[in-house]
Amino acid sequence: MASENIAAISTGLVASGVAVIRISGDSPQKIAEKMFRPSGHTAVKDFEPNKMYVGEIECGGFTDTGMCVYFKGPKSFTGEDTVEFHCHGGTAIAKGVLKRTFELGARPAVNGEFTRRAFMNGKLSLSSAEGLIDIINSESESGVRAGYYLYREKLTVKISAVQDKLLDVLSEIDADMDFPEEDLTVSSTETAKTILGDCEREISDLLKTFRTGRVLKNGVKVGIAGKPNTGKSSLLNALLNYDKAIVSDIAGTTRDVVEGVIDISGVRFYFSDTAGIRDSEDVIERIGVGISEKILNESDLVLLVLDASDIDGEDEKIYSRVKDKNCLVVLNKTDKTSVKDGRADIEVSALNKTNIEQLKQAIYNKTVGAGIDLNGDFLCEERHYDALIRALEKIRNALSAADKVSLDLIAIDIKGAWDALGEISGKTASEEIINNIFAKFCVGK
Ligand code: GDP
């Protein structure tokens, strides 16, 4: 099928050392022949694939010294012939190179169009493409890992194995339908139930990894709560290791939500120091208190900070509001007094930075989980989770109906489960799902 040449700046339009302009389609070399003058003796049409050639790149009114590389389809990212120009990363140069490709017949690529072509040409699955978006967008090590899990087709392989088992059951049922006189039904039903049971277990196990998978991909939101002056801002500073929050002796200073970000063992944690929860007469402070309620409700973990030198009924009130959430009670200012508190999970001094590393570890254990193997299988996309939930429901329907109805009737549910699983790799995904995924890409990828 004919494929138009599309072109884009793959490195984004920012001044940088190098910019990459990519053309993919039926004949990107034809465009390169007209706009690249190699310094050596090899003509563009004779370029060896995957090899960089130095030369002059035409940018319209001027030329830039850069490099050109040709990837021959199907052994290219998109599966088509592709040419890349590596030029100096000034925005005028990159734009000039791109404009010249348009003058020579390429059209501007839309968001994710190179990757979409790779998907259409069978170079990667839909979930692998989603992994690629995650890798590009991720700011944390664990986010990149989660993206690579998908990009390297680990999930697709796992899901395809389950799909193969479902196909086995379907062919067993077909055989049973084709040769009813051989009385296969009893053994076929038992075999089908065993295989479906396996599939059910595998899907359930994967579904259980979703909470951690999301944390690895999206990070963890931590809200810091406690009455005014217990040392919340100071504790945030100690965790962040710099003075971002305003520390003050006057109760109610922290009106705005102060946010800070740290990585603990590669996972990203977003901290919000909230205004102290209390009934306030001050309107501005009350707005702050309102925000803190919202933050606390949206947090994956609440750090309740108690001041060891000043514990009273107000702490108890706040404690009773947060104790049912995923909560870690931090007894602060332990440098001032040796008073203990039965609710405390950990004792620290924000002022002296005592036990701050232990606090970080406790925060990690309460959210990501202690001893989690980050190289394991993790679900991290809502879309995959939804598809697996639907597949599981169909498999459970089939299992519960297996003894009651004829096998051809349970085949409908099994086929439904197979289809739901196929949405993950993209084999059965609708145009709308595919469009939504590629719309999240940037131009040039
Ligand atoms: P917030 O209102 O809860 O955010 O409390 P701040 O962080 O503003 O701290 C209130 C006061 O307590 C400030 O004077 C801090 O210096 C002091 N403070 C905070 N943490 C500690 C600590 O661990 N030990 C001692 N001795 N003072 C602290």
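Predicted model: local features only at pLDDT ≥ 70, side-chain atom pairs only at ≥ 80, totals over all residues.
Residues are numbered from 1 along each chain as its sequence is written; local features need pLDDT of at least 70, side-chain atom pairs count only at pLDDT 80 or more, and totals for chains, interfaces and linings use all residues. Side-chain values use heavy atoms, with hydrogens and water left out.

A nonpolar core is a set of buried Ala, Val, Leu, Ile, Met, Phe, Trp, Tyr and Cys residues joined through side-chain atoms within 4.5 Å, where buried means under 20% relative accessible area with a 1.4 Å probe, protein chains only. The largest such core has 37 residues, and Ile203 and Leu421 are among those with the most contacts inside it. Two or more residues each come from helix 5 (141–151), helix 6 (154–178), helix 7 (185–208), helix 13 (382–401) and helix 14 (407–425), helices being DSSP runs of H or I of at least four residues and strands runs of E of at least two, numbered from the N terminus. Helix 14 gives the largest share, nine residues. A second, separate core of 31 residues includes Leu216, Val267, Phe269 and Phe271.

Ile262 lies in strand 9 (residues 258–264) and is buried, with a relative accessible area of 11%. Leaving aside residues up to four places away in sequence, Ile262 touches (heavy atoms within 4.5 Å) Leu239, Leu240, Val267, Arg268, Phe269, Phe271 and Lys360.

The structure holds zero disulfides, a disulfide being a pair of cysteine sulfur atoms within 2.5 Å. For Cys59, the nearest cysteine sulfur, that of Cys87, is 6.5 Å away.

Note on methods: Buried < 20%, exposed > 50% of the residue type's maximum accessible area, 1.4 Å probe, protein only.
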